[in-house]
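The following questions and answers examine a predicted model.

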Amino acid sequence: MNSVSTRTTAKHTYSLPNLLTFARIAAIPVVVGCVFAQSIMYGPLWLRWVALAVFVMAAVTDFLDGYYARIWDQHSAFGRMLDPIADKLLVASCLLMLAADGIIHGWTLWAAIVILCREILVSGLREYLAALRVSVPVTRLAKWKTTIQLIAIGFLLAGEAGDQVLPFNTQIGLLLLWISALITMYTGYDYFRAGIHHLIEEDAA
């Protein structure tokens, strides 16, 4: 029985949806390395396009892993745990690298800080509520936030290389980042409001 259970768990762990999630995590050092080499090490601008291409492929896997998990019924506890972690690692790594690069600077740093703080807040809330066996569903607005956030980071990763092709490319990315940050504040409050009820009940018990 244990042998069968172990084989089933391994099968789910290495299913296509989970492999796509692994690929998203593996893309992080490539994206960050390309931006670092171009900006910090004064490498060629084409590295920004490589970073953008890898980032776009990683962002697409965020949609595909959930899609295949649904249509092939390959949901797993491992996948549910790893998927949001992969998303947060990708976004946080890119924001930190773009801040080091100087693309995100000045007042726009506050947009990045809001996004990162919200991710930490929601992660902590989800972890605590999971121990109470309470799930916090992802809202449609939160999905839109994630989409805008990924598009903003895509524009910013292109950076100077993108400015040569599309005028105001960087400014568009910064504007979208602010829009994402504003939605982030609302969804973060929405998640906290949904979870605080359970926290109060737990303390009163």
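Q: Does cysteine 34 count as buried or exposed?
A: The cut-off for burial is a relative accessible area under 20%. In this predicted model, cysteine 34 has 9% relative accessibility, so this residue counts as buried.

Q: How many disulfides does a search of the whole structure find?
A: A disulfide requires a pair of cysteine sulfur atoms within 2.5 Å. When the whole structure is searched, the number of disulfides found is 0.

Q: Which helices hold aspartate 83 and arginine 24?
A: The side chains of aspartate 83 and arginine 24 form a salt bridge, at 2.5 Å from N to O. This pair links distant parts of the chain, 59 residues apart, with aspartate 83 in helix α4 and arginine 24 in helix α2.

Q: Which parts of the chain does the pair of glutamate 119 and lysine 88 tie together?
A: A salt bridge joins the side chains of glutamate 119 and lysine 88, at 3.4 Å from N to O. Glutamate 119 lies in helix α5 and lysine 88 in helix α4, so the pair ties together parts 31 residues apart in sequence, namely α5 and α4.

Q: With which lysine does glutamate 119 form a salt bridge at 3.3 Å?
A: Glutamate 119 lies in helix α5 and this partner in helix α6, so the pair ties together parts that are 26 residues apart in sequence. The closest N and O atoms are 3.3 Å apart, and the partner is lysine 145.

Q: Which helix gives the most to the lining of the largest cavity?
A: The structure holds 1 cavity of 30 Å³ or more, and about 40 Å³ of space lies in the largest cavity. Helices α3, α4 and α6 each supply at least two residues of its lining. With 3 residues, the helix that gives the most is α4.

Q: How many residues of the lining of the largest cavity are charged?
A: The lining includes Arg24, Asp62 and Asp87. The residues of this lining divide into 4 nonpolar and 1 polar, and the number charged is 3.

Conventions
Residues are numbered from 1 along each chain as its sequence is written. This is a predicted model: local features need pLDDT of at least 70, side-chain atom pairs count only at pLDDT 80 or more; totals for chains, interfaces and linings use all residues. Side-chain values use heavy atoms; hydrogens and water are left out. Buried means under 20% relative accessible area, exposed over 50%, partly exposed in between (1.4 Å probe, protein chains only). On a 1 Å grid over the protein atoms alone, a cavity is a set of points where a 1.4 Å probe fits but cannot get out, and a pocket is an open set with protein on both sides within 12 Å along at least five of seven lines; lining residues have an atom within 4 Å of a point. Grid points are joined across faces, edges and corners, and a volume is the space filled by probe spheres set on the points. Helices (H or I, at least four residues) and strands (E, at least two) are DSSP runs, numbered from the N terminus. Ala, Val, Leu, Ile, Met, Phe, Trp, Tyr, Cys and Pro count as nonpolar, Asp, Glu, Lys and Arg as charged, and the others, Gly among them, as polar. A salt bridge is a side-chain nitrogen of Lys or Arg within 4 Å of a carboxyl oxygen of Asp or Glu.
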